[in-house]
Amino acid sequence: MSEADIDAFTIKHTFTTWSWGDLAGLGLVLHIILMIGMTLRIVSVQRNIGVSIAWIAVLYTLPLFGFIAYILLGEPMIGRRYRERVDQASILMNDMARREHLVFDQGQDLLPANYQGVSQIGTRWTGLGIFPDHKMQLLTEPNTIFQGLIEDIQGAQRIILMEFYIVYPKGQVLEVIEALAAAAQRGVECHILADSVGSFSFFNSQAHRTLERAGVFVHQSLPVGLFKTLFKRSDLRNHRKIVVIDEHIGYIGSFNLVDPRFFKQNKNVGQWIDVAIRTTNRRFISITTAMAKVVVTDIGAENNDNLDALNQRVNNYTRKLYVMNPTINDLNSRVKVLGESIDYHEQPDIGSTSIVIPKMPIVEGVLAQLIPSAPQVTAHVIYDTLVTVIHRANKRICITTPYFVPDETLSGALTIASKRGVEVTIIVPEKVDSFLVQHASQAYYQELLEAGVTIALFKGGLLHTKTVVIDDDYCLFGTVNIDMRSFYLNMEVSLAIYTPEMVAQVADCQEIYLQSCRFLDLEEWTQRHGAARLFDNVVRLFSPLL
């Protein structure tokens, strides 16, 4: 027998002598090694204890699913190349600001002493400070928001910047599309950045093609794909909603570019209820300038072509973020007569209980701070700000949010505030469009009710407004839900408002919401069936991952 035959015989004999028990034992050893390794990875990487416990629970309950899920979704990987472009775009913008003596991290001395530390959290991580002398108006009704937006687009002279999570091209949104196309045709430089997932239907629509034919620059934020999923998390989304027109008019809030009469009407939760703030300021540096800085940076970070274009634009900077004549591309070569008309649809019958909010007046002299957040870029700046102001509250805290899934620290801050005599009210929709979020949220109700927190369930639709009012002189207003996805994973933006007259408008809006609410009673809540409580508490274990 040759040496090769001997080796083959030895290998064959070795494997034939292995029993199923031996293979099972080897599999068990490999399983234990893998589980220990993944556990150590989770504990060493995750900074939030609740998130760590939730992932370990998933891993040990459903090992194969948990392993694959953590590899794909476990860590906030926004992508190395994207992060590098964000850094380069930020450097370009900051260098330009220094060169032109534009100071963004200013204004701390304009605040009362009790809020200077709070604002410093935002300034430290975002480089954006406090800006005075704004004219602001709270817009609480979709027709009013659409009307104001369309009129401002029609009056634009130089540039329009838009950034949205959802663009849903139906209803009054088509009027906005038409106004944008017309603005581009008359020579206004128009950019719209929309999230790839949230605006999926838009990128496959006639409206998208209409805008590009008219010369509007349409950018896809955080595009997804099977190959991309291996290097970054596909569920990290751009949740921002910002509009900047000619650098002195801005819109910010929870309002996506959607007509609520047409959006998600099959979810049986009613129409979405949203708000926005329109702000104006003629200073060289303002909230609107900061908003433009955020949008321009986000556009520049999307791909190398955009980053090169931003570099060229910064080199041509003349005291404004954009020069009078567009230079990113030859805009005139892209302007064409619209070849197809936009389809309009009749209003559907499906709707929600209507609420009437009186038109709010314009407030002058508003002092505010823009706080953008993004994973791996600004740490947890909005979360830290929110926990800080809750602990500083003296009289009242009122939170409006569609999704309420706090962690232990935030829930504890609210219960402690209530126990020390602060009036704490949480307004959430009676029905939301997420089964798991609904039950995870309910798991927190009993401990909050026992501490004296008022929980109000809004019955007039899906209350999508995200506002936090503290006492009479502080408000957080923007895109951030009270959940870990908003605090840790998504790209978000909030406006911190320090002027009591403007804070009062937001508080008045919350009071009107309360008129359409059902208030939870502790005794009634504790008498729920034990199986319902158990299910809520089980879902709560995984709430940091929702």
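**Strand pairing and helix packing in a predicted model**

Strand 10 (residues 396-400) and strand 15 (residues 467-470) run antiparallel and are joined by four bridges. The model is predicted; the protein chain has an average pLDDT of 83, and 81% of the residues score at least 70.

- Isoleucine 397 has valine 424 as its bridge partner in strand 12.
- Five of the five residues of strand 10 are buried, so the strand is mostly covered.
- In a regular strand, side chains alternate between the two faces of the sheet.
- In strand 10 both faces are covered, with Arg396, Cys398 and Thr400 buried on one side and Ile397 and Ile399 buried on the other.

- Strand 15 runs antiparallel to strand 16, and four bridges join the two.
- Threonine 467 stands opposite phenylalanine 477 of strand 16.
- Three residues lie between the strands in the hairpin of strand 15 and strand 16, where aspartate 471 takes a positive phi near 55°.
- Strand 16 (residues 474-478) is mostly covered, five of its five residues being buried.
- Tyr474, Leu476 and Gly478 are buried on one side of strand 16, and Cys475 and Phe477 are buried on the other.
- Strand 16 is joined by four bridges to strand 18 (residues 492-497), and the two run antiparallel.
- Phenylalanine 477 stands opposite leucine 495 in strand 18.

**Isoleucine 390**

- Beyond its neighbours within four places in sequence, isoleucine 390 is in contact with Ile397, Leu410, Ala413, Leu414, Ala417 and Arg420.
- The C-alpha atoms of isoleucine 390 and isoleucine 470 are separated by 7.3 Å, although the two residues are 80 apart along the chain.

**Helix 6 with helix 15**

- Helix 6 (residues 113-126) packs on helix 15 (residues 381-392) at an angle of about 175°, and the axes are 9 Å apart.
- The two helices are therefore roughly antiparallel, since angles over 145 degrees count as such.
- Helix 6 contributes Asn114, Val118, Ile121, Gly122 and Trp125 to the contact, and helix 15 contributes Val381, Asp384, Thr385, Thr388, Val389 and Arg392.
- By class, the residues of this contact of helix 6 with helix 15 are five nonpolar, four polar and two charged.

**Helix 7 with helix 8**

- The axes of helix 7 (residues 142-155) and helix 8 (residues 173-185) cross at roughly 10° and come within 9 Å.
- Helix 7 is therefore roughly parallel to helix 8.
- The contact is formed by Phe146, Leu149, Ile150, Ile153 and Gln154 of helix 7 with Val173, Glu175, Val176, Ala179, Leu180 and Ala183 of helix 8.
- Nine nonpolar residues, one polar and one charged make up this contact of helix 7 with helix 8.

**Confidence**

- Where pLDDT is low, predicted coordinates should not be read in detail.

Technical notes: Residues are numbered from 1 along each chain as its sequence is written. Side-chain values use heavy atoms; hydrogens and water are left out. Axes are lines fitted to C-alpha atoms, for helices over the stretch in contact, and angles run from 0 to 180 degrees between N-to-C directions. Angles under 35 degrees count as roughly parallel, over 145 as roughly antiparallel, 65 to 115 as roughly perpendicular and the rest as oblique. Contact means heavy atoms within 4.5 Å. Ala, Val, Leu, Ile, Met, Phe, Trp, Tyr, Cys and Pro count as nonpolar, Asp, Glu, Lys and Arg as charged, and the others, Gly among them, as polar. Buried means under 20% relative accessible area, exposed over 50%, partly exposed in between (1.4 Å probe, protein chains only). Two strands pair if DSSP finds at least two bridges between them. pLDDT is the predictor's confidence in each residue, from 0 to 100.
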